[in-house]
Amino acid sequence: MVMDINEIMSILPHRQPFLLIDRIESMEEGKSITALKNVSYNEPFFAGHFPQEPVMPGVLIVEAMAQAGAVAILSMDEFRGKTGYFGAIKNVKFKRKVVPGDTLRLELEIDKLKRNIGIGHGTAYVGDQVACQVEQFMFIVE
């Protein structure tokens with residue numbers, strides 16, 4: 001399943017400047033997702049992080065991954081119209097800078113989904129290089 005930005009916005013409550021995914025490349029609802037974030041020099045966070053060497057903040061890479069995971073869960077019929085919140089993040093590792101012009105590919109797997117709680121893991125890539133790995137995400141849907 002491929003989704004454009006309008007379809008993503010029909011699922012997530014996030015809006016600019018905090019909507020951090022641009023496209024869904026593939027998805028199996030409640031199980032896995034691959035999303036893209038096109039990193040532009042015009043991103044508001046680059047004005048202060050850092051003006052002489054713009055680098056996407058790691059916390060926003062993790063947030064982009066979480067937004068992708070939320071789409072995978074909130075696309076399910078039983079969760080449509082609800083909001084996904086972070087419950088926990090475990091063992092995050094940053095392996096490479098993400099800079100203007102990069103396309104961030106976010107790959108997440110949902111390992112467990114019980115009632116309104118989802119647990120998964122994910123990796124963010126730039127090309128074939130790992131930018132960030134998260135051993136475990138926990139989402140709570142309300």
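## A tour of the sheet and its salt bridges

Start with the whole sheet: 6 strands form an open, antiparallel sheet in the order β1-β2-β4-β5-β6-β3. Strands here are DSSP E runs of at least two residues, helices are H or I runs of at least four, and both are numbered from the N terminus. Two strands count as paired if DSSP finds at least two bridges between them. Select β1 (23-28) and β3 (84-94) to see the edges; each has a single partner strand, so one side of each is left without a neighbour in the sheet. From one strand to the next the twist averages 20°; axes are lines fitted to C-alpha atoms, for helices over the stretch in contact, with angles from 0 to 180 degrees between N-to-C directions.

The model is predicted: local features need pLDDT of at least 70 and side-chain atom pairs count only at pLDDT 80 or more, while totals for chains, interfaces and linings use all residues. Residues are numbered from 1 along each chain as its sequence is written, and side-chain values use heavy atoms, with hydrogens and water left out.

Next, select helix α2 (residues 58-74). Helix α2 lies across β1, β2, β3, β4 (103-114), β5 (117-126) and β6, and runs at about 50° to β6.

Go to S32 in strand β2 (residues 32-38). S32 is buried, with a relative accessible area of 19%; buried means under 20%, exposed over 50%, and partly exposed in between, using a 1.4 Å probe and protein chains only. Leaving aside neighbours within four places in sequence, S32 is in contact (heavy atoms within 4.5 Å) with M27, A72, L108 and E109.

Now show β3 together with β6 (residues 129-141), an antiparallel pair joined by 9 bridges. G84 has V141 as its bridge partner in β6, and V92 stands opposite V134 in β6.

Turn to the other partner of β6. β5 and β6 also pair in the antiparallel sense, over 9 bridges, with I119 partnered by M138 in β6. The hairpin of β5 and β6 has 2 residues between the strands, and G127 takes a positive phi near 60° there.

I89 lies in strand β3 and is partly exposed, with a relative accessible area of 42%.

The last stop is the salt bridges. A salt bridge is a side-chain nitrogen of Lys or Arg within 4 Å of a carboxyl oxygen of Asp or Glu, and by this rule the count comes to 7. Three of them can be picked out as follows.

- E135 and K90 meet at 3.9 Å, N to O. This pair links distant parts of the chain, E135 in strand β6 and K90 in strand β3, 45 residues apart. E135 is partly exposed at 44% relative accessible area, and K90 is partly exposed at 41%.
- E43 and K37 meet at 2.8 Å, N to O. Both E43 and K37 are buried.
- R96 and D102 meet at 3.2 Å, N to O. R96 is partly exposed, with a relative accessible area of 27%, whereas D102 is buried at 12%.
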